Each structure stands twice: as C-alpha cells, then as structure tokens.
Amino acid sequence: MSTKIKINSQIFQDSNNIYYPKDESEVSDLIRELYKQDSPTEIIGNNSKSFIGNKTQSANTTSLSKISGIIDYRPEELYIKVKACTPINEIEKVLSENNQELAFEPIDFGYIKEGKSNKGTVAGYLSCNYAGSRRFKVGSVRDHVLGFKGVNGKGDIIKSGGTVVKNVTGYDLSKLIAGSFGTLVALTEITLKVLPKKDSSKTVIIYPSNLEQIYDFFNKLSSSSSEISGAVFVPEQSKDKDFVAKKNSVFKFNDLKSNISFIAFRVEGDKISIEEKINNLKKELELNNSEISILDVYQSEPFWKKVNNLEIFEKTEHNLLRMVIPPANGSKLCKHLENNHNYFVDWCGSLFWIEVNNKKEEKIKDLKKMAKDFGGYLTVIKTSSEYDYGEAIFTVDKVRLMISEKVKQSFDPKRILNPGKMYRGV
Amino acid sequence: MSEIALPKIDSSILNRKSEIVKKLSSLTNIENVLSEADELRPYETDALSVYTQTPLAVVLPENTEEVSKILKYCHSENIKVVPRGAGTGLSGGALPLQDAILLGLGKFNKILEIDYENKCVVTQPGVTNLGITHAVQHKGFYYAPDPSSQLACSIGGNVAENSGGVHSLKYGTTTNNILGVQMVMMDGTICRFGGKSFDQEGYDLMGLICGSEGLLGVVTEVTVKILRTPEVVRAALIGFPSIKEGGDAASEIISSGIVPAGMEIMDKALIEATDNFSKAGYPRDAELLLIVELDGTVSEVNELIKKVEAICKKNNCSSLKLSNSEKERLSFWAGRKAAFPACGAMAPDYYCMDGSIPRGKLAEALLEIKKLSEKYELPVANCFHAGDGNLHPLIMFDGNDKEQLRKTEEFGSEILKTCVRLGGVITGEHGVGIEKRELMCEMFNDNDIQQQLSIKKSLDEKNLLNPGKVYPILRKCAEEGRVHVHKNKDKFPDLPRF
C-alpha cells in the first residue's frame, strides 16, 4: 500500500508505508494532517480481527500497536486502565496474578483465522464488542468499559467516562465506541471493569433426545436461581463426516460423549455452592433419571476455552456467521439448520455460530432474513475466498443507517477513520 | 439560590401560544393539552424544586404516533420541547422552559408484554420502576436497578438518567439491564434500537440514549431484562471505631473476591441522626457503619457471610450483627433508608450532593469533607454506596439565612470538585440536568464537550429538545450543584432517598 500524500510529521512508517504513531499526541497529529488532506486511513491494532467487516476504502494504514502498556491497575477498585493496544494476553496475565479476570470472556478469533491463538488487543475487543459464553450472565464488552480516550476524525483528543461504575456525567460514549469497528475514534486509552475469578467450576453435560428438549432445558436453566455462567448446545450433525470428526477431536474429554448431540452448562463458585447448584438444577431440569456426565474443573476450564476459541470451526474456509436472536425462536432455527449447516448454540440459546459452505453464499441472505424475522441480527464474521459481498456483512435497517451516518458525521465529518468498514457511506 | 441561566426566550413563540395550543389539540385528544395557569402549575418543576418555570403548554400524548406528530410539528415550527417522565429527577432535567412545550409521558403507563421465555418485559416508559418488578415477582422474577425513588420514578426517566440504585456493583445500572428502546427523534422519526436479543450490532444507539437526559429523543417503549429472584438474601451490620478501619474493611471485602449485592457506609453524624430519628438500633459508639448485603444460594451466601465476618473482625470492628430473617435484614436497612428525613429533622434545610469516587478514597474524601464542614461552619452527614463508589453528603443549613445558603453552595461545589480530584465524577446517579451543568468543565475539556455537542447537533440540529440542560450555557464553572430540601418538604416526601 503506498501513501499518495506526504505527511509532514515525523511519525514512523515501515516499509509497507504503515504509520506507527507511538503515543496519543502522534495519533492526534497524524489524523489532524489526514483530515486536512482529506485522506482516509484504515485503523488497525495487532491485526487479529481486521478480517472482520468490509475492506476499508482508504489510502493509508495506521497501526496503533505501539500504543501499548498498562497504565493503572487497581484490583481493590475493580478496574484496569490500559493503553488501547495492550495485548489481551498481557492484561489477562496481570489480572490472573490477582485472581481477577475480564468477565466477558474474550473470544480468541485466532483459531478460525489461522488455527492458533491470537487474541489481539483490548481496543480490538472493544471495537468489535464480541463477548464469550458468559455474556448472558455478565454482559458484553460494552458493559465492562468504564471509560476511554481517543482521537476523533478531526484529530481532536476526546474522552468519556472514568474509572467508577456509577457515572451519568454527559453522554455515555463508551457504549457508542463499543462495536464501532474503529469508525468513530482511534482509541488510545481504555478503562475496563474487572471482576474476581470464581474459585472453581464444573460443567454438566446432558444428552437431549430431540430438538424440542433443547430449548426446554435452556429455558429452565436461564430461569433458575441457581445461576449458571455458560450453556451451549452442540448438535450431532451425523451427515457431515468432517464436522463429526472435528467435533470429536475438539471436544475430546474423558467424561464427554462428543459423537452425539449434547448440552453443556457451567456452574461456577466455591466448591460447596457448586454442588448445591448442580443438585438444584438436576431437580429443576428433571435429570435424575437421565444420562448426564460432569466435567470437573480440569476438564471444565479447557472445555469453555475451546468453545470460546471457536475451535470447532478452526481454519474454516467457509463463511462463518454469528447470529443473535431472542432464545424463544431458537428451536425453530435449530430445526432449519439441522443437517443443513454446521453450527453450535451459545449464550443459553441466543447466539448461533453457523458455517455456510462457500458455494452456498445465497443461503446467507435467507439466514439474514430469518434473523430479522426472529428479532435478531446476523454478521458474517469470516468470509470465504469466493465471497462477493453481494450480501452485506452487517444487518442494518434504513432508520438506523440514517442515524449511524449522522453519528459518524459528528465524530468524523470527512470519513477519515475506517470508511466503509461497517456500512457504505459510514 | 442563585439565578440559573436558561436559553433565550423566543418571544414570537410566546405570542403564538393560542395557535400552538390549537394545533396541539388537533394532534392528540383535546383533553391532553393543558394551557391554563392552574393546569400548568403542577408541571412547573421536577424534584429539584428550587427552580420553577411555567411551560408554554403541557401535552400528554397517548401513543408513539402522537409523540411523533407533536415533535414533527414542533420541529417544523421551531418550538422547544422538554420531555418529562414522573418528575422525580433530582437534577432539574425536566425543568420546563417558558417558550417550550412540556411533553409528559404519564399516559404511557401500560406494560405491553411479559415474556418469560426471553426473560424480558416490554413496557411503556411511564410505568414505574417498581411496577415492573410487581408485574413479574409472582413468578419469581424482578427488575434489578432499584433507584431510591423506585416507587414513583418511571422506567422512561430511568433510561434518560441511566438510574442505578444500591445494587449497581453486582447488577449494573439501567444501561446494563435494558435490551431495547423505541424512540422518537426531534424531527418525528420513529426508531427502534435493540429488541429482545442481546447486543445489537452496529453503533450502540441504545447505549447512547441511556443517560442522555432527554436531549436526543423521546423514549416511547422500553424492553427490560428481568432476573430470577435470588434464593437467599442476607445482610451484615458492622460498626467500626474509625473511618479508616471501616473503609479498609470495605476495600478488603472487594479485593478478597466478594461482589456484594449491596454495600453501604454511614458516618458517625448520620448514625446518630438516623438513630435519633428512627430508633434503628445502630451502634452509636461507632465512627462508621457498614451494611453488607449478599445474595445467592443458601450455602453460597453462608460462605460469603463468613468471609465478610472474618474481614471485619480483622479490621477491628466494634460490633457485628448478621441478619437471620428477612425481617431482620429489612430492619438493618430501615435506618439507612431514613437517612434523608433524619437530616431534615436536624436542620431547616439540607442539600443532598451526589458524586462518585474510587472506593479506596473514601477515608480521604470524608476527612476532606470534615475539614470543609469546619471551614464553612456547617454540619454534614455522609452516606456512601461503598459497592459502587457513589457518595451522598448531606449538608445541613438554614435557607432563610442568606449567608448560610451562600456558604452551603460553595461547600457543595467544593465537595464535587474534591470528588473529581480524587478520580471520581460529579454525578453518580442523579444526572447533570441544570443542577451541575456548569460543573461539567471540571471533568471535561473543550474537545470533550464539543464532541458531545456535535452528537447533539447531529440528532437535533435545531437544538429544540430539552435545550439548556447538561451542557454549560455560560461556559464557566459556576458554584452550584445539589438538591435543596426545605423543612423536610421534599417534592416527593413519601419517597425514600438514599
């Protein structure tokens, strides 16, 4: 990629002409200059999730990867303030030393892209707002952001929020930045809420005999006062031998029969209350005469990592869709998908990860229509090499698009930051 | 009370009053438009009752289409609009303007759908916060955010102010507990953000609207998440011989990995005030009182309460009581909930401040407030939502004494500036409204405020929706910012304030 215009600042550029501003003021100087010159830029971090979304229409590339490092971690205040492109791994390591964690469970998209871990940066997570299995209990990435600093499309450094949980001082821009794919602000600093890690966990496996039973279980699980912190359904899909083989190799645990359909739910807490909750749930789900198995903490933890790494779709060359719907419609969707597309269900029935064969791109349109009819949405997370973008990556209606254009205009009037990454014209 | 600057009155609008009222009467039922002086009086203020303004007219639409038509008309005729929920807001967000229509959402008072399968309730914005819980509690569910005014405040107002409550640390504020809103923009466009599913993709417009204090749109429908009522709730009432020891215990509870459902702190002045007032049975020898509430399954709560007990003993607590019944738990809270009227009984007037600070800065904040109290020669009592860092100092004074009033205003302003200096913010849950408008520049610089104003401009180009609120008009840090209660006559005397 070549830069067509000369930027007057001293900001480091590598041999691919990618800019690497080293601090907030350099980000501001760079964007201010690009603004003057009407020259848009793609914004990247460590490139772990840049494959998600449309390809941006820009002459420049700016990497924020040098804006990295922990600024202030206060375990007793339950927050960590970091430079925007601090790797998630680094944050998780420091939190773990204090027995704390990012409760939204960051998904590791490295596995679907290249078959190995690549969690990327905190700015990437905030920009995508994709939370893992615990979402239905603790909220998404956006619910864990207390504040941020960044540079808007005019080069102005702006901030919002702070380090405290309760804050109604001005518009809550942290929420708006979450899931904005770098189209509003080039992030430089992020403050996240952190939470204590639970002492232990166990995972209960149920083998439902038919599709109707699945949502009955999900409903009972989400209605229980014995709280669970994860619930997935992995279907049998016996017609697709490759998928079955993959499933068996990913979910190979002593106490799990992965060759048939299963529901897995996670219970976390201290050891005594885990047992109490499992006993309560067995009664509520009427499991006392059914076959179940229990993964102890040594199996439970890797099990949920594999779920959140999307390992079942490791290095997929097909289209990978993420569909979120109200759970009451999940049963219908499962029926539609059964032996049609490979999939699994997370968030206790709300989140579907669906693989659509690269030759069947037209199916994405049908699924998007279903998502809308069900009151949800669909995002094409990974496209196959043959994807022709005939069907938009994101789901948006006319009014929301109109408002999104206005909001974009207020942050980035000349569309300097990641133009077109989400929608045309935004 | 010092005069507050409001947007310049458009006299051409005042002159067209009868024509405007006539037009509004054609857009909704004629009885829903109020324009006579005696009809307008109840709407002159919200719960920040020191400021009053008579609106041009009050209109009480009955459905979203009517709201849309009214806003579209006002937009085309350049008429300002102030939206209002239940009017329980403490920062003057619903203060009318003389040349503006007051748009009351009081007739939007129905719950539209209870959906247990999707764990949500679809409701009109005028339904009260507690009304939602009442509608689902027979099935063992509840709506988590619980602002102290939950008996009367509306869910639409909660969305506008991003209301919290005492359980915010564990369960979040309004923004974390709603799934979708329907909203009408100033030009009449009806839009829907979110629905019954989690995390709508694209810009989180619902997140933007939540806490926007009625400046960006009028919410006409809200979908809230409901949660299963916990199996057990227990509380501990703990006295400490010093602020430091109590503060340290609160910090240690959090850093030990416990997330209490609620955690409250009261200082000595407030312990005495509430005990005199409500005979709550609080330990009067304590310098600081901590109430910790835990919820979950039976053994989970028992385990946590043991840990809390150990931490408090380690930090030299002088007394410790654990609730063994629901009645006893509620009795622990009774004194705390009587904190505001107790202060009202001690002095002709009190100001309730609202700021947030990092939990660990509590001792520092209280010592600073004590110093200020000596400097201004005014008594102060403090309560603190220790779980989420929300501090409510109550300054007691006599409003008839002009000098005391002036000193109280200065005192309050210095407290909020202290909150910012300690790493906190000027409002935790009451909102900015008109009350703390001029203090916004304590927290934000020009760039920050300009960015927020450009968002406002992009969604309400003519600045017709709730103008004069939240953002400084004068661009100066004036000395204001608190809730004034005279002779214990709160606008809503029946509502607990905590």
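Modeller: We can; keep in mind that this is a predicted model. One place to begin is B:Asn316, which lies just after α12(B).

Colleague: How far apart are the end C-alpha atoms of helix α12 of chain B?

Modeller: The helix runs over residues 298-314, which makes 17 residues. At 1.5 Å a residue it should span 24 Å. The distance between its end C-alpha atoms agrees with that, at 25 Å.

Colleague: How wide an arc around the axis do the buried residues of α12(B) cover?

Modeller: The buried residues are B:Glu300, B:Val301, B:Leu304, B:Val308, B:Ile311 and B:Cys312. They lie on the same side of α12(B), because the arc they cover is only 95°.

Colleague: Which residues are exposed on the other side of α12(B)?

Modeller: The buried residues pack against elements of both chains, including β13 and α9 of chain A and β14 of chain B. The exposed residues on the other side are B:Lys306, B:Ala310, B:Lys313 and B:Lys314.

Colleague: Which element gives the most to the side of chain B that touches chain A?

Modeller: In total, 73 residues of chain B are in contact with 71 residues of chain A. Elements of chain B that give two or more residues to that side include α10, α12 and α18. The side divides into 21 nonpolar, 36 polar and 16 charged residues. With nine residues, the element that gives the most is α18(B).

Conventions: Residues numbered from 1 in each chain as written. Chains lettered and ligands numbered in written order. Predicted model: local features only at pLDDT ≥ 70, side-chain atom pairs only at ≥ 80, totals over all residues. Helix = DSSP H or I, 4+ residues; strand = E, 2+ residues; numbered from the N terminus. Expected span 1.5 Å × (residues − 1). Buried ≥ 20, exposed ≤ 12 C-beta atoms within 10 Å, placed from the backbone. Arc of directions from axis to C-beta. Contact = placed C-beta atoms within 7 Å. Nonpolar A, V, L, I, M, F, W, Y, C, P; charged D, E, K, R; others polar.
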